[in-house]
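The following note sets out a colleague's reading of the structure shown below. The points are numbered so that each may be checked against the coordinates in turn.

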Amino acid sequence: MLLALFEFLNVFSSINWEVIFQLLSVALIVLAGPAVIFVLAFRNGNL
């Protein structure tokens, strides 16, 4: 049981978290542009 837990945790330690957070940051930045355009169009250009 304990060995299975250690193997499960080893999967998470082998993940390159820095790359995942960088990709997540880029995705949020890319999605922020269209979101601002949508909000501007929805509010008739009034910020």
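**Notes on the model**

1. Leucine 5 is located in helix α1. The structure discussed here is a predicted model. Leucine 5 counts as partly exposed because its relative accessibility is 42%, which lies between the limits of 20% for buried and 50% for exposed.

2. Leu5 also belongs to a nonpolar surface patch of about 1,100 Å². The most is given by α1, which supplies 6 residues.

3. With regard to the chain as a whole, the protein contains 2 helices and 0 strands. Its C-alpha trace spans about 60 × 20 × 10 Å along the principal axes. Of the 47 residues in the protein chain, 0% are buried. The chain exposes about 4,500 Å², and 77% of that area is supplied by carbon and sulfur atoms.

4. Helix α2 comprises 26 residues. From its first C-alpha to its last it reaches 36 Å, which is close to the 38 Å expected at 1.5 Å a residue. Much of the annotation question concerns this part of the chain: where does UniProt place the feature "transmembrane region"? The record, an unreviewed entry, puts it at residues 20-42. In the model, that span is 100% helix and 0% strand, and its end C-alpha atoms lie 32 Å apart.

5. How many aromatic pairs are counted? The count comes to 2 aromatic pairs. One of them is formed by phenylalanine 38 and phenylalanine 42, with 6.2 Å centre to centre and 20 degrees between the planes. This pair is classed as stacked, since planes under 30 degrees apart count as such. Both residues, phenylalanine 38 and phenylalanine 42, lie in helix α2, 4 residues apart, or about one turn of the helix. Both are also exposed.

6. Is asparagine 44 buried or exposed? Asparagine 44 is exposed, because its relative accessible area is 72%. It lies in the segment after α2. Its backbone should be noted as well: asparagine 44 has a positive phi of about 60 degrees although it is not a glycine. Most residues other than glycine have a negative phi.

Key. Residues are numbered from 1 along each chain as its sequence is written. This is a predicted model: local features need pLDDT of at least 70, side-chain atom pairs count only at pLDDT 80 or more; totals for chains, interfaces and linings use all residues. Side-chain values use heavy atoms; hydrogens and water are left out. Patches are made of residues with over 30% relative accessible area and no salt bridge: like charges are joined within 9 Å, nonpolar side chains (Val, Leu, Ile, Met, Phe, Trp, Tyr) within 5 Å. Accessible areas come from the Shrake-Rupley method with a 1.4 Å probe; for residues, only the protein chains shown count as cover. A salt bridge is a side-chain nitrogen of Lys or Arg within 4 Å of a carboxyl oxygen of Asp or Glu. Buried means under 20% relative accessible area, exposed over 50%, partly exposed in between (1.4 Å probe, protein chains only). Rings of Phe, Tyr and Trp (its six-membered ring) pair if their centres lie within 6.5 Å; planes under 30 degrees apart count as stacked, over 60 as edge-to-face and the rest as tilted. UniProt positions are given in the numbering used here, feature names are shortened, and annotations may be inferred rather than shown by experiment. The expected span of a helix is 1.5 Å times one less than its number of residues.
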